[in-house]
Amino acid sequence: MKTLATCTALMATFALAACEASGGASESTDAGSPSAEGAADPASSAASDTVDARVRAGLWQTTASFPGGQGSSVTSRVCFDEQMTALNVGSGPSAHSEDCTQNVTRTPDGFGFTSRCDAGGGGVTETVGSLTGDFQTAYRMEATVTTSGSSMAAMNGTTQVVTTAQYQGACPEGWRAGDIEVPGLGTRININDMQAQAAAATAGG
């Protein structure tokens with residue numbers, strides 16, 4: 001059950017990161033809307049064509065919970081550098097990143113986002129959510145993730161995920177930017193490495 005809960009928590013940002021890695025994101029922003037503190041300005045985000053939320057470099061602890069009794073909470077630790085955003089948390093590579101679309105918009109107190117990824121036999125995953133906070137000491141992500149058409153019946157359905165994150169200080173010695181660790185799973189993975197590998201595989205295919 002904990003493994004399924006962990007997978008569900010990651011789904012809230014999985015599709016978003018896949019869009020960023022593939023360059024398939026679309027930007028929609030109101031020039032008159034204030035940006036959240038710590039967010040990149042339009043000029044600096046033009047290269048990725050994404051309105052993003054820059055996170056303070058260092059170690060962050062995130063806790064994903066599931067309103068409505070859909071599972072236990074999942075806590076992880078993530079090492080950010082100055083290039084990473086809140087949308088990177090808990091993300092991973094996708095072999096179907098070219099079949100993703102994303103939209104991120106500024107709101108008065110943060111960001112709103114939607115994404116849609118078609119993973120073929122893995123189904124279609126649609127995510128709608130919001131990001132709030134100062135991104136320097138804390139932030140909060142609320143997302144509704146709906147998967148349909150997956151060959152794994154247990155993955156189909158709609159799940160609400162609320163993720164809260166708090167800044168912990170400098171990353172521990174030996175950690176690299178993009179490292180993410182989920183206590184209890186006994187392993188640490190690197191998001192940046194996995195995305196680079198997925199991008200290389202897509203380019204080579």
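1. Strand 5 and strand 6 form a hairpin with five residues between them, and Gly 120, which sits in the turn, has a positive phi of about 65°. Strands here, like helices, are DSSP runs numbered from the N terminus, with at least two residues (E) for a strand and at least four (H or I) for a helix. Strand 5 covers residues 110-118, while strand 6 covers residues 124-133. The two run in the antiparallel sense and are paired over nine bridges, where pairing requires that DSSP finds at least two bridges between the strands. Across this pairing, Arg 116 stands opposite Glu 126 of strand 6.

2. Please keep in mind that this is a predicted model, in which local features need pLDDT of at least 70 and side-chain atom pairs count only at pLDDT 80 or more, whereas totals for chains, interfaces and linings use all residues. Residues are numbered from 1 along each chain as its sequence is written, and side-chain values use heavy atoms, with hydrogens and water left out.

3. How confident is the predictor in the protein chain? The pLDDT, which is the predictor's confidence in each residue on a scale from 0 to 100, averages 73 for the protein chain, and 65% of the residues score at least 70. Over residues 1-50 the pLDDT stays under 50, and for this stretch the model has 113 contacts beyond four places in sequence, a contact being heavy atoms within 4.5 Å. The pLDDT is also below 50 over residues 90-97, a stretch that has 22 contacts in the model beyond near neighbours in sequence.

4. A second hairpin is formed by strand 6 and strand 7, with four residues between them. These strands pair in the antiparallel sense over ten bridges, and Thr 125 stands opposite Thr 147 in strand 7. Phe 135 lies in the loop between strand 6 and strand 7, and this residue has a positive phi of about 65° although it is not a glycine. That deserves a remark, because most residues other than glycine have a negative phi. Phe 135 has 0% relative accessibility and therefore counts as buried; buried means under 20% relative accessible area, exposed means over 50%, and partly exposed lies in between (1.4 Å probe, protein chains only).

5. The largest nonpolar core has 19 residues, and those with the most contacts inside it are Val 55, Phe 80, Ala 86, Phe 113, Leu 131, Phe 135 and Tyr 139. Such a core is a set of buried Ala, Val, Leu, Ile, Met, Phe, Trp, Tyr and Cys residues joined through side-chain atoms within 4.5 Å. Strand 3 (74-80), strand 5 and strand 7 (138-148) are the elements that give two or more residues to this core, and strand 7 gives the most, with three residues. Apart from this core lies another, of five residues, among them Ala 64, Phe 66, Val 74 and Val 161.

6. Which residues does Leu 131 contact? Leaving aside neighbours within four places in sequence, the partners of Leu 131 include Ala 86, Phe 113, Tyr 139 and Met 141.

7. A search of the whole structure finds five aromatic pairs, and rings of Phe, Tyr and Trp (its six-membered ring) pair if their centres lie within 6.5 Å, with planes under 30 degrees apart counted as stacked, over 60 as edge-to-face and the rest as tilted. The rings of Trp 60 and Tyr 139 have centres 5.4 Å apart and planes at 45°, so this pair is tilted. Since Trp 60 lies in strand 2 (residues 58-65) and Tyr 139 in strand 7, the pair ties together parts that are 79 residues apart in sequence. Trp 60 and Tyr 139 are buried, and they belong to one aromatic cluster together with Phe 80, Phe 111, Phe 135 and Tyr 167.

8. Where does the disulfide lie? With a disulfide taken as a pair of cysteine sulfur atoms within 2.5 Å, the count comes to one, and this disulfide joins Cys 79 to Cys 171 with an S to S distance of 2.1 Å. The link is right-handed, with 105° about the S-S bond. Cys 79 is in strand 3 and Cys 171 in the loop between strand 8 (157-169) and strand 9 (179-181), 92 residues apart. Cys 79 is buried, with a relative accessible area of 4%, whereas Cys 171 is partly exposed at 24%.

9. Ala 177 lies in the loop between strand 8 and strand 9, and at 25% relative accessibility Ala 177 counts as partly exposed. Among the residues that Ala 177 touches, not counting those up to four places away in sequence, are Cys 79 and Met 84. The C-alpha atoms of Ala 177 and Met 84 are separated by 8.5 Å, although these residues are 93 residues apart along the chain.
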